[in-house]
Amino acid sequence: MRKGQSWFNTTSVALGFAFLYAPIVILVIYSFNDSKLVTVWGGFSTRWYVELLNDQAMLDAAWITLRLALLSATMATILGTLAAITMVRFGRFLGRSLFSGMIYAPLVMPDVITGLSLLLLFVSIDIDRGFWTVTLAHTTLTMCFVAVVVQSRLVVFDRSLEEAALDLGCPPFKTFFVITLPLILPAVVAGWMLAFTLSLDDLVIASFTTGPGATTLPMKIFSQVKFGVTPEINAISTILITIVAIGVIAASLFNKRREVERQKAERLAMQG
Amino acid sequence: MVGPAIGPVRRAFAPWNDPSAKPFIEFRNVTKRFGDFVAVKDLSLKIYEREFFALLGPSGCGKTTLMRMLGGFDEPTEGSILLEGKDLVGIPPYRRPTNMMFQSYALFPHMTVADNIAFGLKQAGMPKADIQSRVDEMLALVKLEKFARRKPHQLSGGQRQRVALARSLAKKPKVLLLDEPLGALDKKLREETQFELMDLQMNLGMTFLIVTHDQEEAMTVADRIAVMNNGVIVQVATPAEIYEQPNSRYVADFIGDINLIEGKVASAGEGGTRLACAATGATVETNQTLTAAIGDEAWFAIRPEKMRISRDAPADPAVNALAGEVWDIGYLGDVSIYHVRLPTGATVKATITNATRLVERPISWEDKVWLTWSRDAGVVLTR
Ligand SMILES: Nc1ncnc2c1ncn2[C@@H]1O[C@H](COP(=O)(O)OP(=O)(O)OP(=O)(O)O)[C@@H](O)[C@H]1O
Ligand SMILES: [Mg+2]
């Protein structure tokens with residue numbers, strides 16, 4: 001019985017992992033394929049990476065995407081944090097439920113609708129579409145994610161800490177920067193990273209709101225795939241995967257180290 | 001719990017008896033509502049400069065709420081709070097000359113112990129060197145010199161409490177609000193800190209408002225005590241008055257151990273009070289001048305240590321005396337508590353100081369005994 005169960009567990013875990021990671025592994029392997037045909041192995045080579053370095057259009061798209069993600073994530077983090085503070089701190093104000101409902105709406109709104117409505121907005125106010133309109137669109141999309149993450153941290157934030165700071169003569173504005181912000185910073189950073197990755201891989205909204213000269217990487221890849229998958233696409237995807245993987249591993253190592261330090265500190269405290 | 005520790009002999013300090021004295025802090029008909037719930041009800045209170053004032057009361061009676069209104073974290077729903085005659089309403093906490101030690105400590109988790117203590121001084125723009133010496137002084141006061149570089153989560157509960165105390169003291173504010181400042185300390189450290197607080201308060205001329213659950217602590221440190229219940233103050237008086245002359249059954253019962261004997265007023269007025277207690281079969285006579293009508297319900301309150309217990313019948317067994325049988329004896333070291341069962345079924349407590357080492361108990365279980373008391377040993381209460 002026990003043996004059967006463990007066999008079942010092993011199989012399901014293996015299947016799960018295979019389902020999740022097999023496509024990625026295949027993609028990574030074929031990025032080092034010498035052959036021009038994506039599905040035929042022609043020996044190991046890094047020629048597609050070299051080719052990528054010479055593909056100015058692809059590099060431009062990558063650069064735009066990076067700037068876009070950095071900028072929109074930062075703006076979304078500021079706006080989202082402010083929204084979270086308003087919702088948690090200002091108690092009941094007129095239109096509070098409407099406000100919080102509206103903040104959450106983009107979370108569940110289909111991208112197509114968001115993209116289309118933003119496009120209509122930009123057209124109607126007659127703005128030149130391009131880098132800035134995509135930035136605005138991404139800020140709109142991702143700030144609600146930031147708001148949710150920061151809000152969940154603020155809800156459990158001990159307000160007496162701020163009161164203690166006020167009590168000791170620190171005005172409210174300064175209190176926010178020396179007490180509140182440092183303590184909710186992990187949530188703010190997490191919100192920023194979420195916004196950054198969301199912006200990085202958005203295709204739909206960017207397609208709706210962009211204009212000439214502002215093609216993002218996902219758009220570029222998507223348009224190339226329409227003419228067939230080239231090993232070059234595999235190469236750039238592999239690079240993206242590597243960047244994301246490094247980020248995830250760094251974050252978890254950082255967390256683990258903090259945990260170890262915390263436990264050490266607690267042991268120290270126990271000793272008195 | 002027998003007699004209170006009245007503490008060291010305090011200075012002749014009683015501005016509350018001086019009608020010309022101006023109050024330092026004044027609550028005027030303050031009401032605080034949270035929605036429908038009334039946390040503080042039409043409360044008026046005067047606290048004088050350099051006073052050590054204690055708030056005593058059961059959990060949830062509004063002690064913290066009262067302090068928070070003084071600190072500026074909550075505004076009164078009605079009424080006003082004055083400091084040195086000036087209305088505080090609308091003045092934000094960071095502009096009030098009060099500092100508060102929070103019940104939850106509220107230490108800044110991302111700062112070291114030293115930085116926590118220095119926080120208020122930095123806000124006040126004190127020079128660096130002065131901050132350093134003040135922080136050292138405070139660390140020495142709470143005996144945490146070795147912990148200056150630690151973060152709050154690296155401290156035990158009692159150590160955190162001491163950091164919170166040091167932080168609130170550091171600015172030497174005019175008014176210091178202490179919400180359960182010593183609850184997490186062990187008995188010895190607690191007593192030491194109590195005396196240090198008293199010293200500090202006297203030397204610096206600060207006004208202290210302290211909340212505590214521990215009546216002995218309140219009696220030790222405070223000039224006056226306010227006993228609160230359900231958002232109202234039941235009695236404000238010196239520790240000795242609270243103990244000896246409680247104004248109600250609530251206060252009598254809340255502070256220390258007491259026998260409450262129910263009865264009806266048989267006579268009242270200048271010559272003293274006479275109470276007929278049907279339930280216990282006693283007739284009580286006191287020297288107290290009571291304003292009550294004959295037949296009114298009243299209670300005779302007497303502390304166990306004010307009862308005399310003896311096997312011999314008193315000269316006048318009809319007045320200020322009760323006969324009964326020893327039901328239980330509790331040996332507490334310094335005193336023994338006798339639970340005496342009366343023929344009516346009620347029990348009365350009496351304590352005897354164990355002045356000599358107990359070799360043989362003079363009075364033992366199931367002995368028939370007499371309890372007697374003098375005319376000024378207890379008080380008659382009408383509420
Ligand atoms: N922000 C609030 N909203 C609603 N009710 C509150 C609020 N703050 C306090 N109360 C209520 O007011 C009452 C008094 O609270 P308070 O904190 O003053 O009690 P306390 O006397 O300090 O009790 P403890 O000894 O347990 O600290 C309590 O019943 C509490 O539930
Ligand atoms: Mg409290």
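The accessible surface of chain B comes to about 17,300 Å², and 50% of that area belongs to carbon and sulfur atoms. These values are computed from a predicted model, in which buried residues make up 52% of the 383 residues of chain B.

**The chain as a whole**

- Taken along the principal axes, the box filled by the C-alpha atoms of chain B is roughly 75 × 50 × 40 Å.
- Among the contacts in chain B with a separation of 6 or more, 67% are between residues 24 or more positions apart.
- The side chains of chain B include 46 positive and 46 negative ones, and the centres of these two sets lie 7 Å apart.

- In chain B, 4 strands form an open sheet with antiparallel pairing, and their order is E2-E1-E4-E5; strand E2 (37-47) and strand E5 (86-87) are the edge strands, each of which pairs on one side only.
- Within this sheet, strand E1 (residues 25-34) of chain B is joined to strand E4 (residues 78-83) of chain B by 5 bridges in the antiparallel sense, and B:Arg28 has B:Ser80 in E4(B) as its bridge partner.
- Helix H1 (residues 63-71) of chain B packs on the sheet, where it touches E1, E2 and E4 of chain B, and the direction of the helix makes about 115° with that of E1(B).
- Of the 9 residues of H1(B), 8 are buried, so that the helix is mostly covered; the buried residues include B:Leu66, B:Met67, B:Met69 and B:Leu70, and also B:Lys63 and B:Arg68.
- The residue that follows H1(B) is B:Gly72, which has a positive phi near 100°.

- Strand E12 (residues 273-277) of chain B has B:Thr273, B:Leu275 and B:Cys277 on its covered face, while B:Arg274 and B:Ala276 lie on the uncovered one.
- Strand E11 (residues 259-267) of chain B runs antiparallel to E12(B) and is joined to it by 3 bridges, with B:Val265 standing opposite B:Leu275.
- The hairpin of E11(B) and E12(B) has 5 residues between the strands, and B:Gly269 takes a positive phi near 140° there.
- E12(B) also pairs with strand E13 (residues 282-286) of chain B, in the antiparallel sense and over 5 bridges, and B:Thr273 stands opposite B:Thr286 in E13(B).
- In the hairpin formed by E12(B) and E13(B), 4 residues lie between the strands, and B:Gly281 in the turn has a positive phi of about 75°.

Note on methods: Residues are numbered from 1 along each chain as its sequence is written. Chains are lettered from A and ligands numbered from 1 in the order in which they are written. This is a predicted model: local features need pLDDT of at least 70, side-chain atom pairs count only at pLDDT 80 or more; totals for chains, interfaces and linings use all residues. Side-chain values use heavy atoms; hydrogens and water are left out. Buried means under 20% relative accessible area, exposed over 50%, partly exposed in between (1.4 Å probe, protein chains only). Contact means heavy atoms within 4.5 Å. Accessible areas come from the Shrake-Rupley method with a 1.4 Å probe; for residues, only the protein chains shown count as cover. Lys and Arg count as positive and Asp and Glu as negative; His and the chain ends are not counted. The place of a charge is taken as NZ of Lys, CZ of Arg, CG of Asp or CD of Glu. Two strands pair if DSSP finds at least two bridges between them. Helices (H or I, at least four residues) and strands (E, at least two) are DSSP runs, numbered from the N terminus. Axes are lines fitted to C-alpha atoms, for helices over the stretch in contact, and angles run from 0 to 180 degrees between N-to-C directions.
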